[in-house]
Amino acid sequence: MGCKVFLTLRCYISLLLLQLSNGFTPQIIKVPWIERGSWGESRSIIQTTHFSCDFEVPEVIDHYMLIVNSSNLMLDSLQTWSLKTLSSNDYVVSYQNTVPLYPPRVSLQFHVTTRFTFGLLAGTCELATLEVPLRLRTTPSFLSTDNWNNIDGSRSSLCVELSEVFPTLYYEHNLPPEPYQPPEASTFPGWDNQRARGSRKKRFASIGNDRGPPHTGLLIPTVTYNYTEAIRLSVKFYEAQRSGNLKTLRIGGPNAWLESSGMFHTAPDGSDLTGGWYNGNDNVKLSLPMASATTLLAWGFHTWNYTYTINGLDQELKNNLKWSLDYFLKSWKPDEEKLYVQVGDLNLERTLFVKADNPKYLELWNSGQWPVYSVDATHPGSDVAAEIATAMAISSQLDLAGQAYSDKLLQTATQLYAFAKKYRGKYSDHVPVSGHGYPDYTSTDYNDELCLAAMTLKEVSPGGGYLKNGKKFFDESVSVDSTSFDWNNKRVACAIKLYKETGSDQYKNVIEQFRQHWMNTDQGITPYGLAWKTEKGTLSHTANAVFILLQAIEVSVFDKTEIQEIRAWCVRQMNYMLGRNNMHRSYQIGYPTATSSDIVNPYHKNSACPDLPGECGQTFYESSDNNTNLLVGALVGGPDLNDYHNDVRTNHFGNSVALDYNAGFQSALVGIENMYDEFKYTCESSVPPRPTSFDYIDALRKSIMFYSAQRSSLVEPPNNPVTWRQWGGSYFEGGWYDDGSSVRTTKLMAGSTYILGWGMMTFRQGYEITGTLDEAYDQMQWALTYLNKIYDTSKNALLQKVGNEARERGSWSRPSDSTSITKMEDTTYISTLHGTGADVAADVVTALAVGSVLFREKNATFSDSLKTTAQKVYDLATQLTSTYSDASSWYYTEPGDSYDDEMCIATWWLFKATNDISYYPTGINYRNTIKTRNVLDWKDRHSLCLVLLYEQTGDSRLSLLLSNSMTYWEGNNNGVHYTPQGLAWHDTEPLKYAANAAFMQALAKTYGVSTIQNKQQFSKTQIDYMLGNNDNSYSYQVGYGSRYPRRIHHRASSCPDTMRVCDWRVYNRPGRNPHELIGALVAGPDMNDVFEDVRSNYTMTRVSIEANAGFQSVLACM
């Protein structure tokens, strides 16, 4: 007689104080579990009891330590479902992790196996939040305790106020993932062998240490764009704007088209004025916007240098800064108190449309039509001089070229500031900077520049009256627009520096006014969410606002709630610029997107015009020809107030580029990326409401694209929509890779192919009305062509697999990499020689027969070829006596497993393809051997056989069998488990099973079979859950919506282009995959809707061609 057990669950919270000299304070959330056993017989009883420690969190918890312990010495094992397996000798399990726990709920579920006759089993789940790198952490101590009881044993939930908890910056070099140790060839990393071999027995999969420390993160990182890549491209833009001698630089890559220019630029006294940057589309050097851009770039680097350094971009940025600063050093003549501030005539420039290296400029120079302008005592330019002083002062702290260079910058900055303060005036009163057309660089004030210069120098050289003067200039700049920050308006930037020094509300109020203007009602908002200020340089103004707000956060202007709102807003604005907009267009040239709407025609003379001696001029400018070269990294002006943008050169407002456009944009990206691991989960951590409608058409198109990314080919296939794939390396090319590996398993491919083909015929209208029918046919033909050639007539043998799974498990590389290239010895065949593989051959028959029917009217020759091969392979299948078994394979069947289901389906589809009545009796005979099964997957096809038998016979008993088998999905009694948020959860890879069940329900419905109660709602609720109808508004299809997996377990998409051969370093890195496997359906969450977007957790992030097949077919039906 077993023990009767009742459960009293008591939860309480303990706050702990971390004793550190730096003052960091952690908190511990402690949730105990307790179980009391009643009296029983006096013999040992093994008892397994399930526990749950649940608590709610209002925000993200990062950098935490989890402790699970028990006080009972009879504890036999302690396992967790959400936490995977934890083992311990002293009944205490403790580990530290950096995968965030995501709101709104953290659930720690585990089960305990004990050996006892009576007594008490109790323990605690403790979650300690930590705010410092591991090297600074010490043992926490208790601060206070709060008790909460639940006496009825029901599952409990706690609402915890974590006002002091805030995730800090994740230093990857201090907290690296545990290195992956390649597993034994015969075991898949962390996968329970029984489950891998098709066991339907419910059990917990054991995750071993070979995949690094366990994770328990709830859901997702929501920052979805590759900011590092955008930063890298922006750095390249400044390289493209260089004037002067470029020959010695050996510029290559995207800017290999650049040529030296402006080599004749000299001052009237003959001194050198070469170098610097051209302003934007014009080939004129304007010192005020150039200095402003230098200031922003240097300020961003000074504040957030980690991002540049860790990504190897620091030296490139330093080179760019030094290029402009060297020019400014040449421009200042201290003995004469003269500063050269412009080379070229804007009025004349805007009548030209030629490259900077065109001889026309030398002709203008020699004729005196290309002047050099300066400011001095009688022609003051306080604004431009002060701005250059600011740029130099910040840059003097960056170690651009040694201490002597830094000292020179600071000395010159001090001189220029004194010059600007001594001789007051606006440079545009003396220098023609307006020109004809846009942009106009007329200055409106100089006090804001003087203020910023004074406060910047105060940071570098304390004393000198800088603070006093800064306050004075700030007060005198009251006429400057404090809601703007650009090359002309610096008042809000100075307010940040003054607030840092004084903490005065006077300056905080100006910053708050700026925030309110941009984030609230004062600022125009486009329909798709862009904060829109003006049609002139639209995106530059918004990017500058992001930069200013991030800088304000750095000096503690805002409280925590405001910071989270600001970060969310900042990310949305930058993501809009990178492609999250109605046009699916990145407004940064060259930034990779999944569409063909990239910008190629900015208003930029140097990139537009062909190389000399090619003709350019007004005719080319007005033509529809694309620009000759791509201006990589440039940010264009942007869309209009209705989110519309026209990529033509004549669109001066929307398609212009400029130094100052990119400066704030680049530095804002750096600010976001540098703090990414601190606030990536809080930028948009307020989960949006559940969507009420879903774009099934978009999801269907994306699923088709997924199969394009899975293609095996030596060369790029025609009409390839997946630009990031690298091709080559495949023996016996063709077909689809199974999943995230470079293995092609015939049974999996054949089964996926005929599910897709069956769905295309049954739900053809869905493909037609969505305009995806041709794409679907192309997808099918690719797989069928491969399956049609893998049967060797001469040997009566069928190719079962291409690829070495054991080798794949020991490497992490693309299919085209040398470590994954398949060879002839990596192939496996089935034949009558061994007698195994009837199930494989039957599935190939079905795929070919389905394809033959599908292509009958579209391509009769192809259809006949498929039919002929299907008949030959069917003959082979009838000669085989068992299923194919390979213990080393992911797709493994137990010896003795039935293959009647595969043969049944093959027989009936061959009957349909050939109209040969001889197949009919064989098909009918399967009515006596087929079994009733609840699920549909790669090895269990019994339900499909029932559908075909019912179609051919109309036997109501078969309809009843099919209907009864599907009642499992209603969730009653012994039915499927439903998660709290509504997913029908059958087993690991739950989304595949739920999608296949929805497909079966839809398929059976077409034959008039009633399967699941509320059957229409079942398919819809399951598919909607997968597309985002859950508490986290999270789509499990990659690329659908804005919240979806970014770190899927897929080698090719995770490997960056910069790596010649990919390896385990990529597997272990915490960052997002550099390429998105658009359309892929991941394995899915656990039984509590917990999903962990971690590459190493393949039980959740794995993808496969099988998973998408049923999913795609249901989408077509819907």
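Which residues are linked with Asp 739 in a network of salt bridges? Okay, hold that thought for a second. What we have up here is a predicted model, so please keep that in mind as we go.

Asp 739 is linked with Glu 989, Lys 992, Arg 1102 and Glu 1106. And if you search the whole structure for salt bridges, you get 36 of them. Let me walk you through a few.

Start with Asp 611 and Lys 355, where the closest N and O atoms are 3.0 Å apart. Asp 611 sits in the loop between helices H16 and H17, and Lys 355 in the loop between H6 and H7, so this pair ties together parts that are 256 residues apart in sequence. Is Lys 355 buried or exposed? It counts as buried, because its relative accessibility is 5%, under the 20% cut-off. Asp 611 is partly exposed, at 41%.

Next up, Glu 501 and Lys 458, with the closest N and O atoms at 3.3 Å. Here both partners are in helices: Glu 501 in H12 and Lys 458 in H10, so the bridge joins parts 43 residues apart in sequence. Glu 501 is partly exposed at 35%, while Lys 458 is buried at 16%.

Then there's Asp 843 with Lys 747, at 2.5 Å from N to O. Asp 843 belongs to H26 and Lys 747 to H22, so this one ties together parts 96 residues apart. Asp 843 is buried, with 0% relative accessibility, and Lys 747 is buried as well, at 5%.

Now, an aspartate with other partners. Asp 1093 is in the loop between helix H35 and helix H36, and it's buried, at 4%. What does its side chain reach at 3.0 Å? That would be the backbone nitrogen of Arg 1047. A polar atom of the Asp 1093 side chain also lies 2.8 Å from the backbone nitrogen of Arg 1046.

H19 covers residues 659-674 and reaches 22 Å from its first C-alpha to its last, close to the 22 Å expected. How many of its 16 residues are buried? 16 of the 16, so H19 is largely enclosed by the rest of the structure.

H21, residues 696-709, has its end C-alpha atoms 20 Å apart, which agrees with what its 14 residues should span at 1.5 Å a residue. H21 is mostly covered, with 10 of the 14 buried, including Tyr 696, Leu 700, Phe 706 and Tyr 707. Lys 702 is on that buried list too.

Definitions and conventions:
Residues are numbered from 1 along each chain as its sequence is written. This is a predicted model: local features need pLDDT of at least 70, side-chain atom pairs count only at pLDDT 80 or more; totals for chains, interfaces and linings use all residues. Side-chain values use heavy atoms; hydrogens and water are left out. Helices (H or I, at least four residues) and strands (E, at least two) are DSSP runs, numbered from the N terminus. The expected span of a helix is 1.5 Å times one less than its number of residues. Buried means under 20% relative accessible area, exposed over 50%, partly exposed in between (1.4 Å probe, protein chains only). A polar contact is a pair of N or O atoms within 3.5 Å; within protein, one must be able to donate a hydrogen and the other to accept it, and residues adjacent in sequence count only if both atoms are side-chain atoms. A salt bridge is a side-chain nitrogen of Lys or Arg within 4 Å of a carboxyl oxygen of Asp or Glu.
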